[in-house]
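Dear colleague,

Please find the structure below, handed over for your own work. A short account of the findings follows it.

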Amino acid sequence: TPRFFDNSKIRLVYNNVQAVGGTAVSLKTFEIKGNTRINGASSYTYNGTIYIPAYSDIHGTALISPAFNVVIDNGANVVLDAGGSAEYNIQLQGNWGTHTISIGDNAHVEMRGATWSNVYMPSYYNGDNVINVGNNAYVDMTVPDSATDNIDFNYDNTSVNNTVNINPGAF
C-alpha cells in the first residue's frame, strides 16, 4: 500500500526493509539504509487476501516518488524492482528546487523492472537534477529494449542543469 504524506518536510527512512506493492513513498526525502528491497507488483496475497496496490501517477507510475531527494546510505544494499508494474523505479517530481539522488560510498544498488526508465527527474519549473554516485559504489540499472533509457532527465526547460557525478572506484 502506498504511503502518501502531504507535509513536504517529512523524511522517511527504510532500514533493512522488504516491501512489496505499489508506490512505497511519496514525500520530500526518502532515505534507504541496510539491506532493503522494494518490489513492485500488480497484485499480492497476504494472509489469504489478494491486494491490488496503488501507484503514484503524477508524471507516470513510480515505485518511489519523493518530491526532491533519494538518499542511499554508505554501504547500503538496495534492490528496486518495479516488476513491470511501474514506468519508473524512482521519480523525483517536485518543482522549483534541486532534485538529488545520492548513492553513498560502497553502496550496492540494483534497479530493474521499470517499463520506461529507472530514474525520471522532470523539473518543469527550474531546479537542477543531480545524481551523485559515491566512492566504490556499484550501480546496475536494467530496462527492457522497449524502454527509453535508464536515466531520463528533463529536456524541456533549458534553464535546468542535469549533472551526474561518479566518484573514484564507482561502477
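The notes below cover the sheets, the aromatic pairs and the salt bridges.

This is a predicted model, in which local features need pLDDT of at least 70 and side-chain atom pairs count only at pLDDT 80 or more, while totals for chains, interfaces and linings use all residues. Residues are numbered from 1 along each chain as its sequence is written, and side-chain values use heavy atoms, with hydrogens and water left out.

Sheets

Strands here are DSSP runs (E, at least two residues), numbered from the N terminus, and two of them pair if DSSP finds at least two bridges between them. In general, such pairing goes through backbone hydrogen bonds, either parallel or antiparallel.

Strand β1 runs parallel to β3 (residues 29-33), to which 5 bridges join it, and V13 stands opposite E31 of β3.

Strand β2 (residues 18-21) pairs in the parallel sense with β4 (residues 35-40) over 4 bridges. V20 has N39 of β4 opposite. In a regular strand the side chains alternate between the two faces of the sheet. In β2, A19 and G21 make up the covered face, whereas Q18 and V20 make up the uncovered one.

A further open sheet contains 5 strands in the order β7-β8-β11-β14-β17, with mixed pairing. Here β7 (56-57) and β17 (151-153) stand at the edges with a single partner strand each, so one side of each lacks a neighbour in the sheet. Within it, β8 (residues 61-64) and β11 (residues 88-91) pair in the parallel sense over 2 bridges, and A62 has Y88 as its bridge partner in β11.

Aromatic pairs

A search of the whole structure gives 4 aromatic pairs; rings of Phe, Tyr and Trp (its six-membered ring) pair if their centres lie within 6.5 Å, and planes under 30 degrees apart count as stacked, over 60 as edge-to-face and the rest as tilted. Among them, Y44 and Y51 are stacked, at 5.5 Å centre to centre with 25° between the planes. Y51 is partly exposed, at 33% relative accessibility (buried means under 20% relative accessible area, exposed over 50%, partly exposed in between, with a 1.4 Å probe and protein chains only).

Y138 and F171 form an edge-to-face pair, at 5.0 Å centre to centre with 70° between the planes. This pair links distant parts of the chain, with Y138 in β16 (residues 138-141) and F171 in the segment after β18, 33 residues apart. Y138 is partly exposed at 24%, whereas F171 is exposed at 61%.

Salt bridges

The whole structure holds 2 salt bridges, a salt bridge being a side-chain nitrogen of Lys or Arg within 4 Å of a carboxyl oxygen of Asp or Glu. R112 forms one with D81, the closest N and O atoms being 3.6 Å apart. The two residues lie 31 residues apart in distant parts of the chain, R112 in β13 (residues 108-112) and D81 in β10 (residues 77-81). R112 is partly exposed at 26%, and D81 is buried at 17%.

E110 forms a salt bridge with R112, with the closest N and O atoms 2.6 Å apart. Through shared partners, D81, E110 and R112 are joined into one network.

With kind regards
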